[in-house]
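Okay, everyone, thanks for coming. Let me put the structure up, and then I'll walk you through the surface and the charged pairs.

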Amino acid sequence: MIVLLAQNVPEGRVFGLDMQTIVSIGIQLFNGIILAVALSYILYKPVKEFMRKRTEKIQGKINDADSTMAKANELITEYDQKIKDINKERIEILEAARLEAADESKIILAEARKEAQAVKERSLESVSKERKRLQEESRLYIIELASLMAKEYISENIDDSAQEKIFEETLARLEDTQWQS
């Protein structure tokens, strides 16, 4: 290749800067300028439009991300408020339950006291009935004892000393019997 190039060069010159070379360089430069202008007119608007759309798309995604982040922050704030409200409501419910339990315990205690009073009254009534029954039994026993004394008196045709002896025995029996009151 070097040999071929060396044959085309006129003798005595390494690089030929003649009019043909200058015209050729000028034409190539003119072609380059026309090509650059033509390509800029042809490609500049589409590339500029492509870059603008891409910039708008990226900016839109950034805006969407910002709005999504703002919504997320609002939701976080809202959920934090709901959690606080739930905690307040939980405390109120627990307090209400505690007060209700205290009221119920008072009611239960009042009912238990009423029942205890009723049991006490029934017991006192039962004791009173038992006392009356024992008094009645004692009265009947005394009557029976008196009738036995009368029977003995009649059966022996008693004299004064015998009557005194019977009276003493009966009195001793009565003293041995305990009165319950």
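By patch I mean residues with over 30% relative accessible area and no salt bridge, with nonpolar side chains (Val, Leu, Ile, Met, Phe, Trp, Tyr) joined within 5 Å and like charges within 9 Å. Areas are Shrake-Rupley with a 1.4 Å probe, and for residues only the protein chains shown count as cover. Take L29: it lies in helix α2 and counts as exposed at 56% relative accessibility. My cut-offs there are under 20% for buried, over 50% for exposed and partly exposed in between, again with a 1.4 Å probe and protein chains only.

Quick word on the source: this is a predicted model, so local features need pLDDT of at least 70 and side-chain atom pairs count only at pLDDT 80 or more, while totals for chains, interfaces and linings use all residues. Numbering runs from 1 along each chain as its sequence is written, and side-chain values use heavy atoms, with hydrogens and water left out.

Stepping back, the chain has 3 helices and 0 strands; these are DSSP runs numbered from the N terminus, helices being H or I with at least four residues and strands E with at least two. Buried residues are 3% of the 181 in the chain.

There's a negative patch too, from D160, E164, E168, E175 and D176. Asp and Glu count as negative, Lys and Arg as positive, and His and the chain ends are not counted; each charge is placed at NZ of Lys, CZ of Arg, CG of Asp or CD of Glu. D176 sits in helix α3, residues 160-176, and is exposed at 64%.

Now, how many salt bridges are there in the whole structure? The search finds 8, each one a side-chain nitrogen of Lys or Arg within 4 Å of a carboxyl oxygen of Asp or Glu. One of them joins R52 and E56 at 2.5 Å, N to O. Those two are 4 residues apart in helix α2, so about one helical turn separates them. K129 and E125 also pair up, with their closest N and O atoms 3.4 Å apart. Then R133 meets E130 at 2.1 Å, and this pair is 3 residues apart in helix α2. Shared partners also link E49, R52 and E56 into one network.
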